[in-house]
Amino acid sequence: MKTNDEIRRDNARKLRDSVGGNNSFATFIDRESTQVSRIIGKNPTKKIGDDLARHIEKCFSLAVGWLDSEHQLSNTVNINNISETNLAIRMAPLISWVQAGSWTFIQEPEKDDNFLQQYPCPVPCSEMTYILRVVGDSMIEEYSPGEMIFVDPEVEATHGDDVIALLLDSGEATFKRLIEDSGKKYLKALNKNWPEQYIQVNSRCSIIGTVIFSGKTRR
């Protein structure tokens, strides 16, 4: 049986992975990277105390005590905090960009059986939410390669949202910002040096998901 210190450390590492690593986690909880390494690094030398545990939960909008319970057994974990407010923490699978192209057509994804890597989504999301790792540098102004982004296909995208779109001619998924101008919609690469900075959204381009979290709330 795991000790409370081990449970806290495991949960903190899941949250760290969900936001892209130690540095992002340190920024998210307003602590130094060296402090994060000491508590959840490869060879931790300090425990996560009560004050820090509650601080981490608050930063991730989690219920009081969430860090002290194991959550790896199901896709959704229900927590009751001291005010008896129910909070659903949903686990989302890390999938490939190839899988993202067909994800919205899956009626009932069997996440437990088919995906080994799952992470808690720190914000409310649907059961269809999945995680992608950013590739390339088309969104380099705000996103780094390797950063994990949480994508919810059931959130309707509006102007200014960062989205995943399926290019029907090639069957490839792409990550861009949705821009609406004069009644038309475009996908914009944030990298100003990107060769094709704008792609018009038309019948050959379908938006299949909205980014809801990536170390900071996007919606």
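Among contacts between residues at least 6 apart in sequence, 56% join residues at least 24 apart in the protein chain. The model is a predicted one. Its secondary structure consists of six helices and 10 strands. Of the 219 residues in the protein chain, 46% are buried. The accessible surface of the chain amounts to about 11800 Å², and carbon and sulfur atoms account for 45% of this area.

The largest pocket was computed to have a volume of about 290 Å³. It is lined by 17 residues, of which Ser138, Ala173, Thr174, Phe175 and Lys176 are the closest to the pocket centre. Strand β7, which spans residues 172-181, supplies five residues, the largest share of this lining. By residue class, the lining of the largest pocket comprises 10 nonpolar, three polar and four charged residues.

Threonine 174, one of the residues closest to the centre of the largest pocket, is located in strand β7. The relative accessible area of threonine 174 is 10%, and buried means under 20%, so this residue is classed as buried. Through its side chain, threonine 174 forms a polar contact with the side chain of lysine 176, at 2.7 Å. Lysine 176 is also among the residues closest to the pocket centre. When residues up to four places away in sequence are not counted, threonine 174 touches Trp97, Val163, Ile164, Ala165, Leu167 and Leu187.

Methods:
Residues numbered from 1 in each chain as written. Predicted model: local features only at pLDDT ≥ 70, side-chain atom pairs only at ≥ 80, totals over all residues. Heavy atoms only, no water. 1 Å grid on protein atoms, 1.4 Å probe; cavity = no way out; pocket = protein on both sides within 12 Å on 5 of 7 lines; lining within 4 Å. Points joined across faces, edges and corners; volume = space filled by probe spheres on them. Helix = DSSP H or I, 4+ residues; strand = E, 2+ residues; numbered from the N terminus. Nonpolar A, V, L, I, M, F, W, Y, C, P; charged D, E, K, R; others polar. Buried < 20%, exposed > 50% of the residue type's maximum accessible area, 1.4 Å probe, protein only. Polar contact = N/O pair within 3.5 Å; in protein donor to acceptor, adjacent residues only side chain to side chain. Contact = heavy atoms within 4.5 Å. Areas by Shrake-Rupley, 256 points an atom, 1.4 Å probe, with all protein chains shown as cover.
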